[in-house]
Amino acid sequence: MFLTAASEIAPGQWVDMALTRTVGMKGIWLLVYVSGLMFVMRHFAGPLAHKLSPVGLLWISACSLRSVWLLLSIANSKINGLLAATVWGIGVCYMWPTMLAAASERFPRGGALLMGLMGTAGTLSIYFVLPQMGHIFDQAKVRAADGEEAFKALSGARLNEVLAYASQHSFRVVAILPAILLIVFGSIWFYDKARGGYKPVKILAETPVQPQVET
C-alpha cells in the first residue's frame, strides 16, 4: 500500500503542472477528462477483477502507471499529453480501492483495523514521498539552470523550459516505484495461478449450539 499510494497519488500532484507547462493543457480540462474516464472505467471494475483477479488488476494498473510516468517524461505535444493523461486515468482508476478489496479478501479477520492500517500506510506514503519528489524537482531545476542564482534570474520562456525539464526528470525517477510493484504483484499473481487460482477466504459464522433438554 505504501508503494501503491506513492506511485498513484503523490506524482499526481505534479501531473497538472507538467502538462500545463509542457503541452499547454489547462489543469481544469485535464481534471474533467481524467475524472470522466475514471467514472466510466470503474463501472467495469467488477468484471475485470473477476476475470483477472484483484491482484491481476493491480498488476495491470501498475503497468499503466509505469508507462504513464515514462510518457510524461517525454511528452512534448498535446497529443502526447492527452495520451499520457488517458493512461494515467486508467492506471490510477483501480489501485487504491482494489488494494483495499484485495487486502480484505485475503485477510478477512483483519476487519476494520486492517482497513485503517492500509489507509494509514497510504497517507504516510504521500507524506514522505511528496517532499522527496519536490527535492528531486528542485535539484533538477537548479542543475538545468546551471546554479541556484542563475535559476532565480530566469524568466519567461527559459524559465518554463527549465521547469518542464525538472518535471520530466522527476517523473523518470518516480517511474521506478510502479516497476517495483510490477514485480510484487506479478509474483503474487503467478503464485496464485500456480495453485490453480486464488480462492477468497471465507469466514463462516459460528452457529450457537442449542442445549438439549431431556423430557
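Start by selecting D146: with a relative accessible area of 68%, this residue is exposed, since anything over 50% counts that way. Bear in mind as you look around that the model is predicted. D146 sits in the loop between α8 and α9 (148–152). Check the backbone there too: D146 is not a glycine, yet its phi is positive, at about 65°.

Now jump to S53, another non-glycine residue with a positive phi, this one near 85°. You'll find S53 in the loop between α4 (45–52) and α5. Is S53 buried or exposed? S53 has a relative accessible area of 18%, so it is buried, the limit being under 20%.

**Into the core**

Next, color the largest nonpolar core, a set of 34 residues. Which residues have the most contacts inside it? They are L65, V68, W69, L72, W88 and F185. Several helices give two or more residues to this core: α3 (27–41), α5 (54–72), α6 (78–93), α7 (95–106), α8 (111–144) and α11 (176–194). The largest share, eight residues, comes from α5. As general background, nonpolar side chains in soluble globular proteins tend to be buried together.

Leaving out residues up to four places away in sequence, V68 touches A84, V87 and W88. There is also a second, separate core of eight residues, so give it its own color if you like; F137, A145, V162 and A166 are among its members.

**Along α5**

Select L65 in helix α5. At 0% relative accessibility, L65 counts as buried. Show what surrounds it: beyond residues up to four places away in sequence, L65 touches S7, E8, W88, G91, V92, M95 and P178.

Setting aside neighbours within four places in sequence, its contacts are V87, I90 and G91.

**Across to α6**

Highlight α6, a helix of 16 residues. From its first C-alpha to its last, α6 reaches 22 Å, close to the 22 Å expected at 1.5 Å a residue. Which residues of α6 are buried? Look for G81, A84, A85, V87, W88, G89, G91, V92 and C93.

For the last stop, show the aromatic side chains. How many aromatic pairs does a search of the whole structure find? It finds two.

W59 is partly exposed, at 27% relative accessibility, whereas W189 is buried at 17%.

The other pair is Y127 and F128, with ring centres 5.2 Å apart and planes at 80°. Why is this pair called edge-to-face? Planes over 60 degrees apart count as edge-to-face, and 80° is the angle here. Y127 is exposed, with 59% relative accessibility, while F128 is partly exposed at 46%.

Methods: Residues are numbered from 1 along each chain as its sequence is written. This is a predicted model: local features need pLDDT of at least 70, side-chain atom pairs count only at pLDDT 80 or more; totals for chains, interfaces and linings use all residues. Side-chain values use heavy atoms; hydrogens and water are left out. A nonpolar core is a set of buried Ala, Val, Leu, Ile, Met, Phe, Trp, Tyr and Cys residues joined through side-chain atoms within 4.5 Å. Buried means under 20% relative accessible area, exposed over 50%, partly exposed in between (1.4 Å probe, protein chains only). Helices (H or I, at least four residues) and strands (E, at least two) are DSSP runs, numbered from the N terminus. Contact means heavy atoms within 4.5 Å. The expected span of a helix is 1.5 Å times one less than its number of residues. Rings of Phe, Tyr and Trp (its six-membered ring) pair if their centres lie within 6.5 Å; planes under 30 degrees apart count as stacked, over 60 as edge-to-face and the rest as tilted.
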